[in-house]
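I opened the notebook to look up two things.

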Amino acid sequence: MHSMNTSALVEPDRVHKTVYTDQQIFDMEMVKIWERTWVYCGHESQVPKPGDYYAVTIGRQPMIMVRQKDGSVRVLYNRCPHRGVQLVGNQKGNTGSAFVCSYHAWSFHLDGNVRAIPLANGYEGTRMNRDNPDCSMKRAARVDSYRGFVFASLCAEGPDLKEFLGEARIAFDDMCDRSPVGEVEVVPICHRVMQHSNWKFFMENQLDSLHPSVTHQSTGISAGRVEKRLKAEQGSAPLYYHYLSTFASSFEQWDAVQTINFPHGHGILKAYMGLRPRDPDTLEHEALLKTAYGEEKAEEYLSRSIHHVLVYPYLSVQSPLQQLRCLRPVGPDKTLSEIWHFRLKGAPEAIYRRSLWYYNLVNSPATMINADDLENWTKGQWGLQSNGGDWVSFHRHFGDDRVEGGVTYSNHGTSEAVMRNQFSAWSTYMQAE
Amino acid sequence: MSKDVTIPSAGPDFENLLGQEVVIEATQAEDTRTGAQRIEPDHSPRTRPGEGAHVLAPALKVGHELQQEVEQLLYRQAELLDAKQWQAWMDLFDVQGVYWMPVQPEQTEWQGSPSIFAEDKLMMEIRMGRVKHPNAWSQAPMWETNHLVSHVAIEAADNQTMQVRSRFHMMELRRDSVRHFGGSYRHSLVRDASGALRIRLQRVDLFNGQAPFDYVLQIWV
C-alpha cells in the first residue's frame, strides 16, 4: 500500500474525486492522519470511577479509554498480548481492578501492565518475562486532555495536544466557560448514525453556509409557520422553534456570516442562534456566570459569536448548545458519527433542556434536519463514483479571502475557503513521510 | 531466572479452571466462581441473565368489547401511518398527546434526556409540514412502510384512562432496500368528551434503539 503520490489530486481551487472514493487513499488517510494525529477519545466523565472503560476506535485501531486508580485516564490497545484476543467486547463498562482475557485468563492492571498468568512457570526460560513489554497491553503513544476532553495519539512524535488544537481550543473553552464552575459532564446517551459517504462530506458541510436554506428548507419553513402562529397567539414561542426556522434563513443572511479557518484544517463558523432572550432561565444563568466570573468575563463568554467549531478531521463542536459530533471513518463510503451532549455543571436545568431540543431535533436518528444532509452526502458519494466528471469545485470566492498570520478569514459566509483550508491540511498530512 | 523477572502466576486461578469440571458435576458450592471471577471477583459487572428485569404485568381480563375497542385503535393507527394519512394519525392523539421514542429502556421521562423522538402535537405538526413539503429531499426516494401490531395487553383500566402494551413490526422500503424495525408500544389512553379513546402518551421502544442507525427514521414508527 502506502506510497501513492496524492499531490496531483489537490489543487488550490479543486480536488480530484478519488480523494472521496478510493480505498487506497482511505487506507493512507488512516495511517497518515488518524493513526498519527491527536484523536478524540471521549470526555473524562464517561469513565468516572476506577476501572470504568469506554471502547473507542482510533483510525482502524480498537482502543480502550480507562480510568486508573490514581484518577488519571489511559488509552490502551484492546488486545491481549498473548494471542491477540480483544480484552473487552462491550462498548463500555467497569472492569474492576483488572482486565482479564476470556481466552486464557491472562490479567492486566488498569495501566496495561501484566498482572498474572495462569501456570506462569510455563514461561520460565522463554522471552516472555515481566520485563518484556510484549507481555503487557500496548498503550497509545500519547494521551492528554483539554478541559476534560480526552485525546490520544498513536504516534510519539508530532505537535502536543495544545499545539494541535491551536485556536480550535475555543470549542472546549466556550462550552466549559458557560458553566459557573467551568466544567461540563457528558450525558451518557449517545446518538449514533451511519453516514453512507466519505468523512469529508460531513466536515465540509459543517461550515458550508450556502446549504442550509436549500437542504433544510422543508423543516425550516414548516417550523417557521408554527413559530409564527404561536407568537401571534401567545406573544412568544419556545427557543427551539427558532432553532429550526433559522435553517430557512435567506442566502444573504447566511452569506453575511464569516468563517475563520485555522492551520491543521480547523475552523469556526460564526453566527449566533439568539441564545440570549430575556426569559427568567437565561437571566438566572447569566447571573450565575456573573457571580462566578465577574461582569466583564461573563459578558465576554456570553457574547462569543460561534455556531460551530471544527477540529479537523473528525470533530464538530457546537459549544453554545453543548453538543459534539465525532466521526469514526469505516471505509471510503462509510462513516460512523457519534453525537454527544453535555450538561453545564452548576447551570440551571432549563438551559440543558433548551439545548436538548436542538440536540434531538438536529441529530437524533429521527432528525428532521440531518436526514436531508445524509441524503445529500449519499447522493454526493454516488455522484463522485461516476465518470461524469473528475473534479470537485471549490472555486467560490477563491482569491477573495483575507489571510493573516496563517489564518484565513472569509469575506463571505458562503466562501469555499473552508474546504480549501481543509484540503491544504489534508495534503500536508498525506504528503508527510 | 530471578524471581523479579518472573511473570507472577495466577496460581489459584488454574486450580479453578480445572475445577470447572467439578462445577458441571454440581458438587461445588453454589457460588463457585469461574476463572476470571476467581482472579478478580469484581471484574465482571454483568448482571446475570434475567436479573433486575422488569416483570411485565399480566394482561387484565377485560370485556371482549373493551379489548376490541383498544385493538381497533392500535390497528387504525398502524394503517394510517402506512397510508401516510398524517393528520388523521395526529388526530388520534389527545390535545396534550405526546409521541416518545427513548434511546434506552431505562428512560422514564419524555423530557430531560436524549430521545429518538420526543414530540408534542406542535412538533408533530412541524414534522407533518416538513414531510409534505415538495422539497423534503430525503422524502423524495420511493418509500413505503408496513406495520403489524400484536400482543395487545391491557395492563390497567378505569372509566377514563388505560395503559396498554403491544408489539410492533415495521418493514420500510426505501429506494431499493428494506429495513426492519421491531419493538414494543406502550399507550396511555384517555377518553375525550365524546367518549372516544385518545392517545395521551405513546412510548415506542425500538428493540435496536441503542445500535447505530443506518440512515434515519423519516416518520413516526
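I count a residue as buried when its relative accessible area is under 20%. The model I am working from is predicted.

Entry on chain B, burial and surface. I looked up how much of chain B is buried. Of its 221 residues, 44% fall in that class.

Entry on chain B, elements. I find five helices and seven strands in chain B. I read their order from the N terminus as α-α-α-α-β-β-α-β-β-β-β-β. I also checked contacts in chain B with a separation of 6 or more. Residues 24 or more positions apart account for 56% of them.

Entry on chain A, a helix pair. Two packed helices are described by the angle between their axes and the distance between the axes. I looked up both for helix 5 (residues 199–206) and helix 13 (residues 370–384) of chain A. The angle is about 130 degrees, and the axes lie 10 Å apart. That angle makes helix 5 of chain A oblique to helix 13 of chain A. I note the crossing of these two helices as right-handed.

Which residues meet where helix 5 of chain A packs on helix 13 of chain A? Helix 5 brings F201(A), F202(A) and N205(A). Helix 13 brings D373(A), W377(A), G380(A), Q381(A) and L384(A). By class, I log four nonpolar, three polar and one charged residues in this contact.

Conventions. Residues are numbered from 1 along each chain as its sequence is written. Chains are lettered from A and ligands numbered from 1 in the order in which they are written. This is a predicted model: local features need pLDDT of at least 70, side-chain atom pairs count only at pLDDT 80 or more; totals for chains, interfaces and linings use all residues. Side-chain values use heavy atoms; hydrogens and water are left out. Axes are lines fitted to C-alpha atoms, for helices over the stretch in contact, and angles run from 0 to 180 degrees between N-to-C directions. Helices (H or I, at least four residues) and strands (E, at least two) are DSSP runs, numbered from the N terminus. Angles under 35 degrees count as roughly parallel, over 145 as roughly antiparallel, 65 to 115 as roughly perpendicular and the rest as oblique. A crossing is left-handed if the near helix is turned anticlockwise from the far one by less than a right angle, and right-handed if clockwise. Contact means heavy atoms within 4.5 Å. Ala, Val, Leu, Ile, Met, Phe, Trp, Tyr, Cys and Pro count as nonpolar, Asp, Glu, Lys and Arg as charged, and the others, Gly among them, as polar. Buried means under 20% relative accessible area, exposed over 50%, partly exposed in between (1.4 Å probe, protein chains only).
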